[in-house]
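Q: I would like a close look at one part of this model, its packing inside. Please keep it brisk.

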Amino acid sequence: MAQEKSMAAPDLLRRAKLLKQGAEARVYRADFLGKPTIVKERFPKRYRHPVLDEKLTHRRTVQEVRSILRCRRAGISTPVVYFVDYTSHCIFLEEIISSVTVRDHIASIQQSDASKDSELEQLAERVGRILAKMHDEDVVHGDLTTSNMLLRHITENGEYDLVLIDFGLSYISALPEDKGVDLYVLEKAFLSTHPDTEALFEKLLKCYAVSSKKSSAVIKKLDEVRLRGRKRSMVG
C-alpha cells in the first residue's frame, strides 16, 4: 500500500495547486483521501552530490515529521500528518481551514480604532505557554515567526486554538542554547514585523518563563545571544 501511494505521489502533485516555492521545498494544495491537504515536497539540490543530497533531504524530512508528532503528543496543535512518502520526500499534512496567521491578526488589531491591548496580551501569553511546552519537549522549531502560527478558532474556555506550522527547519535538542536561539529568531521577527510591540513580546517571554520547567537556562542563553547580536551589529 505504501509503495502504491509512493508511486501515486508525483501524479497527485501534477494535479495539485502550487502555493509557493522556497529554497528547500514546494508547497501544494491538494485533495488526499477526500481531505483538503497541504503537500510539502522537498526537491533535489542539483549543486550537491546526489548521494549526499538524498541523505540530507531524507534526514530533514524525518526531523520535520518527528517534531510535528512530538508536539501533537504533548497536546500542542499542529497539522495532522496524513502520509509521508520518503521516496519523493513529500509530507501530506492537514490543511488548517478557516484560519488566520498571528501576523495578520495582530496587524488587524493594531489597525483598528478600538483599543484591544488586553486581547493582544492574551494572545502573547498563549504563544508563550505553547512555546514553553514545545521547548520542554525538546523540540526546536528553527523558524519561529508570527506567520508560522495560525489562529483557527476560539475554544470553549475562551482561548485561541493556536496552531504551529512549518517545521521544515526543526530538530530535537535539549540544549538551552538552541532554545535560546529559537526565541531570539522569534524576537527579531516579531519586533520587525510588528512595530512598537516590545512590551508585548516581554509579556510573551514572562509567560514562557513561568510556564516552562527549563526556562531559567533558556532565558539566560537568550540574553547571551542578544548580546552577541548587538556586538555583531556594532562591528557591522
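Which residues touch the most other members in the largest nonpolar core? Please go on from there to the helices.

A: This is a predicted model. Its largest nonpolar core holds 38 residues. Those that touch the most other members are L131, M134, M149, L162 and L164. Helix α4, residues 117–136, gives this core its largest share, eight residues. Take L131 as a way in. Leaving aside residues up to four places away in sequence, L131 touches L144, L164, L183, L186 and Y208. There is also a second, separate core, made of eleven residues. Among them are L13, Y28, A30 and F83.

Now the helix pairs. Helix α3 spans residues 102–111, and its axis comes within 10 Å of that of α4. The two axes cross at roughly 160°. An angle over 145 degrees counts as roughly antiparallel, so α3 and α4 are roughly antiparallel to each other. The crossing of α3 past α4 is left-handed. On the α3 side, V102, H105, I106 and I109 make the contact; on the α4 side, E119, L120 and L123 do. By type, these residues are five nonpolar, one polar and one charged.

The other pair is α5 (residues 176–193) and α6 (residues 198–211). Their axes also come within 10 Å, crossing at roughly 155°. The pair is therefore roughly antiparallel too. Here α5 passes α6 in a right-handed crossing. From α5, the contact uses L183, L186, E187, F190 and L191. From α6 come E198, L200, F201, L204, L205 and Y208. Nine of these contact residues are nonpolar, two are charged and none is polar. L183, L186 and Y208 take part in this contact, and L131 touches each of them.

Definitions and conventions:
Residues numbered from 1 in each chain as written. Predicted model: local features only at pLDDT ≥ 70, side-chain atom pairs only at ≥ 80, totals over all residues. Heavy atoms only, no water. Core = buried A, V, L, I, M, F, W, Y, C linked by side-chain atoms within 4.5 Å. Buried < 20%, exposed > 50% of the residue type's maximum accessible area, 1.4 Å probe, protein only. Helix = DSSP H or I, 4+ residues; strand = E, 2+ residues; numbered from the N terminus. Contact = heavy atoms within 4.5 Å. Axes fitted to C-alpha atoms, helices over the stretch in contact; angles between N-to-C directions. Parallel < 35°, antiparallel > 145°, perpendicular 65-115°, else oblique. Left-handed = near helix turned anticlockwise from the far one by under 90°. Nonpolar A, V, L, I, M, F, W, Y, C, P; charged D, E, K, R; others polar.
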